[in-house]
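Look at the sequence and the model before reading on. The questions below go through some parts of the chain in turn.

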Amino acid sequence: VSEEEALNIAKGTLGIDDLRPSGTTEGKVKLYNMSNDTVRVSITAKGGLIYSVKTNEDIRSQVLSPNEAIRKGSAYISELGYKDMQATYYIIQDNCILINYAYYTDGYMCYPDLVKARVSLSDGKVLDIDAAGYIRNHKARDIPDEKFDISYGRSTVPSSLKILSESRAVIP
């Protein structure tokens, strides 16, 4: 996409009318950057995808539960086109929750395909997006048969630990 198309994608998708171009980033992924007084956005030149959003906003209260914020983050990244994502873990800091979502397919969590979202625990607004892991790594995968089954993994966990869940994963 052109820089103008990227700007229109950012404005339309994110609903931020006063964004202005602020240069390009060259590298493995070419990006068009844009900003206003509180938000910086990067859009991929190839495909016009939301690569990152960084909001400079101070959140002063915590009203939502982590689960409510995770649901809001999930819905938002799905609207951006990042489908079949599941929350894998989160960190709460400064009245916000930073959630890591991984692509989930055919019973496998694909950890290379990460999208990170920072959500306000005050009102559920998604403040930051980092889709670099997803954009750099996501592809159709022919996942080979498991090298180890779950019973093998279970047998390697020390008896002093309690297993809370088990699943299959593709890891970097």
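Q: In which loop is L161 found?
A: This is a predicted model, in which local features need pLDDT of at least 70, side-chain atom pairs count only at pLDDT 80 or more, and totals for chains, interfaces and linings use all residues. Residues are numbered from 1 along each chain as its sequence is written, and side-chain values use heavy atoms, with hydrogens and water left out. Helices (H or I, at least four residues) and strands (E, at least two) are DSSP runs numbered from the N terminus. L161 is found in the loop between helix 4 (150-155) and strand 9 (168-170).

Q: Is L161 buried or exposed?
A: Buried means under 20% relative accessible area, exposed over 50%, and partly exposed in between, with a 1.4 Å probe and protein chains only. L161 has 54% relative accessibility, so it counts as exposed.

Q: Where is G47 found, and is G47 buried or exposed?
A: G47 is found in the loop between strand 3 (39-44) and strand 4 (50-55). Because its relative accessibility is 54%, G47 counts as exposed.

Q: How many Å apart in space are G47 and V1, C-alpha to C-alpha?
A: In sequence, G47 and V1 are 46 residues apart. In space, C-alpha to C-alpha, the value is 6.4 Å.

Q: What span does helix 2 reach from its first C-alpha to its last?
A: Helix 2 covers residues 66-79, which is 14 residues. The expected span is 1.5 Å times one less than the number of residues. For helix 2 the expected value is 20 Å, and the span reached is close to it, at 20 Å.

Q: Why do the buried residues of helix 2 line one face?
A: The buried residues of helix 2 are A69, I70, G73 and I77. The arc is taken from the directions from the helix axis to the C-beta atoms. Seen down the axis of helix 2, the buried residues line one face because they fall within an arc of 100 degrees.

Q: Which exposed residues does the face of helix 2 turned away from its buried side carry?
A: The buried residues of helix 2 are covered by elements including strand 5 (85-93), strand 6 (96-105), strand 7 (108-120) and strand 8 (126-130), where contact means heavy atoms within 4.5 Å. The face turned away from the buried side carries N67, R71 and E79.

Q: What pattern does the protein follow along the sequence?
A: The secondary structure comes to 4 helices and 9 strands. Read along the sequence, the pattern is α-β-β-β-β-α-β-β-β-β-α-α-β.
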